[in-house]
Amino acid sequence: MDGNGRWAQQQGKVRVSGHKAGVESVRACVTTARKMGVKALTLFAFSSENWLRPEQEVSVLMDLFMYVLTKEVKRLHKNNIRFQLIGDKSRFSEKLQKQIVEAEQLTKNNDAMVLSVAANYGGRWDIAQATKKIAQLVADQQLDIDSIDEKLLDQYINLADLPELDMLIRTGGDYRISNFLLWQAAYAELYFTETLWPDFNEVAFERALMSFSNRERRFGKTGDQVKAEKT
Ligand code: IPE
Ligand code: MG
């Protein structure tokens, strides 16, 4: 979700008003995803590197996060959506951590869609934390080193219980992944758009989904093989 600050600047407003406007896009995308039958939606809300922003902006983002979490969780629950946070929770305030756990608890049995919010998250962090868990098992002699392979590592990376990542959308006109779901994005379709996040509404999201359904996914095979499999 990129482009909040630029959106605000374009309108002659302070950056944080862009973040507030961005919340509307979050609502629109969650609703649209649920309506279109998307099984899992993961939003990159705050990266491990975003702490480096001016203190005041970080603080507004945290307040906004807390506000949205408190206000919207009931609605998620009503729509049978499971909420989870991926990322290193330990750096958030105790109050926020408590709110996150409560939201996860309340919605844990919902099964229409999984909404994961990545906060204090980084793709490299994700791979490192998985590696650490596996290393611990080896050190405790609960795991043989020869059984470490992609499949095993995959189980310790975040979102392991979700379907394979199909598509990764980046708004705001930058053409990079910026340490998002590095491991999970191996075969994801990448979708980049100039649209700034606060302008990324239902129509824009549906356009992205449409583009996805028109792509041929080969997973390393030839186009002819894929066509033959389909018939
Ligand atoms: C994305 O918008 C939101 C967060 C990272 C929290 P930005 O704040 O990065 O907006 P730009 O890139 O400055 O326009
Ligand atoms: Mg940005």
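Biologist: Where is Asn-120 found?

Modeller: Asn-120 lies in strand 3, where strands (E, at least two residues) and helices (H or I, at least four) are DSSP runs numbered from the N terminus. This is a predicted model, in which local features need pLDDT of at least 70, side-chain atom pairs count only at pLDDT 80 or more, and totals for chains, interfaces and linings use all residues. Residues are numbered from 1 along each chain as its sequence is written, chains are lettered from A and ligands numbered from 1 in the order in which they are written, and side-chain values use heavy atoms, with hydrogens and water left out.

Biologist: Why is Asn-120 called buried?

Modeller: Buried means under 20% relative accessible area, exposed means over 50%, and partly exposed lies in between (1.4 Å probe, protein chains only). Asn-120 has a relative accessible area of 6%, and is therefore buried. Its phi is positive, about 50 degrees, although Asn-120 is not a glycine.

Biologist: What makes Asn-80 count as partly exposed?

Modeller: The relative accessibility of Asn-80 is 26%, so this residue counts as partly exposed. Asn-80 sits in the loop between helix 3 and strand 2, and its phi, near 60 degrees, is again a positive value in a residue other than glycine.

Biologist: Why is strand 2 described as largely enclosed by the rest of the structure?

Modeller: In strand 2 (residues 81-86), 6 of the 6 residues are buried, so the rest of the structure largely encloses this strand. Both of its faces are covered, with Ile-81, Phe-83 and Leu-85 buried on one side and Arg-82, Gln-84 and Ile-86 buried on the other.

Biologist: How do you know that strand 2 and strand 3 pair?

Modeller: Two strands pair if DSSP finds at least two bridges between them. Strand 2 and strand 3 (residues 113-121) have 6 bridges, in the parallel sense, and Phe-83 has Leu-115 of strand 3 as its bridge partner. Strand 1 also pairs with strand 3 in the parallel sense, over 7 bridges, with Phe-44 opposite Ala-118.

Biologist: What makes helix 2 roughly parallel to helix 3?

Modeller: Helix 2 (residues 15-36) and helix 3 (residues 55-78) pack at an angle of about 25 degrees, with their axes 11 Å apart. That angle makes helix 2 roughly parallel to helix 3, given that angles under 35 degrees count as roughly parallel, over 145 as roughly antiparallel, 65 to 115 as roughly perpendicular and the rest as oblique. Axes here are lines fitted to C-alpha atoms, for helices over the stretch in contact, and angles run from 0 to 180 degrees between N-to-C directions.
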